[in-house]
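Subject: Structure handover and notes

Hello,

Here is the structure I said I would pass on. Please open it alongside this message, as the notes refer to residues by chain and number.

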Number of protein chains: 2
Amino acid sequence: MVQKTEHPHAPEFTKRDVGGDSLKRSVCDRCGFIDYQNPKVIVGSAIRHKNRILMCKRAIEPRIGYWTLPAGFLELHETAEEGAMREAQEEACAEIEIERLLAVYSVTHISQVQLIYKAHLVRPEIAPGPESQEVALMEWDEIPWTELAFPSVFWTLNYLREVWDTDDFTPFGNPPEGKYPFPVK
Amino acid sequence: MVQKTEHPHAPEFTKRDVGGDSLKRSVCDRCGFIDYQNPKVIVGSAIRHKNRILMCKRAIEPRIGYWTLPAGFLELHETAEEGAMREAQEEACAEIEIERLLAVYSVTHISQVQLIYKAHLVRPEIAPGPESQEVALMEWDEIPWTELAFPSVFWTLNYLREVWDTDDFTPFGNPPEGKYPFPVK
């Protein structure tokens with residue numbers, strides 16, 4: 001799902017101080033409505049089936065044609081786990097079971113918080129949903145490391161490989177400088 | 001910070017199907033702008049100093065006069081950890097160091113994802129910020145268990161007590177039915 005967050009015809013909004021707040025906000029000059037803008041939550045999953053990982057080739061921008069994990073915007077009134085399960089269904093027709101939280105990333109330049117779960121397929125059938133050109137269950141040496149859509153996909157796959165055989169891990173976060181440098185321009 | 005999310009003077013928006021999306025969205029009849037609404041991220045921390053926990057008595061609605069942990073809305077272009085540190089500064093003039101992720105809650109009826117960190121004070125000085133009537137460093141038997149502002153504060157304190165002496169834990173989530181029933185009406 002692609003999201004636009006700016007209203008193209010909203011010239012009545014100006015940045016102003018509002019009461020009890022440390023930042024200026026967009027306020028409607030006509031009615032005083034305060035248009036708070038906050039980061040969005042992305043929910044997704046690294047889905048295992050035996051010794052393979054579910055990958056999706058993107059059919060939409062951004063990064064059309066590159067490979068990703070099933071993930072997308074959390075919707076109102078959903079739990080994060082429900083959202084991750086829905087995205088796996090929508091993007092790969094995959095029925096999954098969530099195991100535990102694998103990673104939490106802050107992607108500040110696009111104001112996203114990403115919650116990525118470790119999961120597995122409940123049944124082996126998968127198929128591309130409308131946002132995927134292709135879906136595949138890949139072994140480690142089949143993963144297209146230089147054709148991944150986003151740094152957080154690369155980070156997650158690397159971390160998943162580290163904790164493949166254990167549930168005794170703490171969720172990964174943004175990697176320290178120099179760890180898992182994203183190999184794609 | 002209190003947030004309003006509905007524009008009171010926006011009669012031009014109606015719920016409609018939009019391309020490539022599973023849900024109806026609010027679309028402006030005049031210009032086609034799609035007003036995506038998504039959950040917001042709350043960032044906060046359970047802050048320790050020796051054998052005590054930092055608590056704040058709320059000076060603002062909702063739940064004015066009840067006790068909480070420093071937490072609030074994540075801002076654009078902040079990391080979750082930066083947001084938790086900012087909220088501790090704003091609400092309790094507290095300088096903290098984040099240790100690790102303690103809990104992730106989905107509060108679906110108000111569409112919030114809450115990320116709560118285990119942290120400690122860097123220096124012992126604290127003072128109420130504009131959103132707090134009072135701040136205090138409390139031992140376990142001083143915590144006002146029946147005057148807590150929100151269920152997630154209650155859950156977090158209970159979980160923190162369980163993992164007080166260890167860093168070998170997985171982040172807590174919404175407790176299973178019947179665990180940590182919130183004792184406040």
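Overall

Please keep in mind that this is a predicted model. Chain A contains two helices and ten strands. In sequence order the pattern is β-β-β-β-β-β-β-α-β-β-β-α, with one helix between strands and the other at the end of the pattern. Along the principal axes, the C-alpha atoms of chain A occupy a box of roughly 60 × 35 × 35 Å. Chain A has 185 residues, of which 36% are buried. Of the contacts in chain A with a separation of 6 or more, 64% are between residues 24 or more positions apart.

The two chains

Contacts between the chains involve 41 residues of chain A and 41 residues of chain B. On the chain A side, the elements that contribute two or more residues are strand 4 (40-49), helix 1 (80-92), strand 8 (96-107) and strand 9 (112-121). Strand 8 of chain A contributes the most, with four residues. By type, the chain A side has 20 nonpolar, 13 polar and eight charged residues.

How are the two copies related? Chain A superposes on chain B by a rotation of 180° with 0.0 Å of shift along the axis, at an RMSD of 0.0 Å. The copies are therefore related as by a two-fold rotation axis. Both use the same surface, since 100% of the contact residues of chain A recur in chain B.

The three-stranded sheets

In chain A, three strands make an open, antiparallel sheet in the order 1-2-3. Strand 1 (13-16) and strand 3 (34-35) of chain A each have a single partner strand, so one side of each has no neighbour in the sheet. Strand 2 (residues 25-28) of chain A is joined to strand 3 of chain A by two bridges, in the antiparallel sense. A:Ser26 has A:Asp35 in strand 3 as its bridge partner.

Chain B also has an open sheet of three strands in the order 1-2-3, with antiparallel pairing. Its edge strands are strand 1 (13-16) and strand 3 (34-35) of chain B, each pairing on one side only. Four bridges hold strand 1 of chain B to strand 2 (residues 25-28) of chain B, again antiparallel. Here B:Phe13 has B:Cys28 in strand 2 as its bridge partner.

Strand 5 of chain B and its partners

Strand 5 (residues 52-58) of chain B pairs antiparallel with strand 4 (residues 40-49) of chain B over two bridges. B:His49 is opposite B:Arg52 in strand 5. The two strands form a hairpin with two residues between them, and B:Lys50 in the turn has a positive phi of about 55°.

Strand 5 of chain B also pairs antiparallel with strand 10 (residues 132-138) of chain B, over six bridges; the bridge partner of B:Met55 in strand 10 is B:Ala136. Strand 6 (residues 67-68) of chain B is another antiparallel partner of strand 5, over two bridges, and B:Cys56 stands opposite B:Thr68 there.

Helix 1 of chain A

Helix 1 of chain A has 13 residues, which at 1.5 Å a residue should span 18 Å; the end C-alpha atoms are 18 Å apart, so the two figures agree. Its buried residues include A:Ala80, A:Gly83, A:Ala84, A:Glu87 and A:Glu91. Just after the helix, A:Cys93 has a positive phi of about 50°.

Two buried residues

A:Leu148 sits in the loop between strand 10 (132-138) and helix 2 (151-162) of chain A. Why does A:Leu148 count as buried? The reason is that 23 other C-beta atoms lie within 10 Å, where the cut-off is 20 or more. Beyond its neighbours within four places in sequence, A:Leu148 contacts A:Tyr66, A:Trp67, A:Val153, A:Phe154 and A:Val184. A:Ser22 is 126 residues from A:Leu148 in sequence and 38 Å from it in space, C-alpha to C-alpha.

B:Tyr105 lies in strand 8 (residues 96-107) of chain B. It is counted as buried because it has 23 C-beta neighbours inside 10 Å. B:Tyr117 is twelve residues from B:Tyr105 along the chain, and their C-alpha atoms are separated by 12 Å.

Regards

Definitions and conventions. Residues numbered from 1 in each chain as written. Chains lettered and ligands numbered in written order. Predicted model: local features only at pLDDT ≥ 70, side-chain atom pairs only at ≥ 80, totals over all residues. Buried ≥ 20, exposed ≤ 12 C-beta atoms within 10 Å, placed from the backbone. Contact = placed C-beta atoms within 7 Å. Nonpolar A, V, L, I, M, F, W, Y, C, P; charged D, E, K, R; others polar. Least-squares fit on C-alpha atoms with pLDDT ≥ 70 in both. Pairing = 2+ DSSP bridges. Expected span 1.5 Å × (residues − 1).
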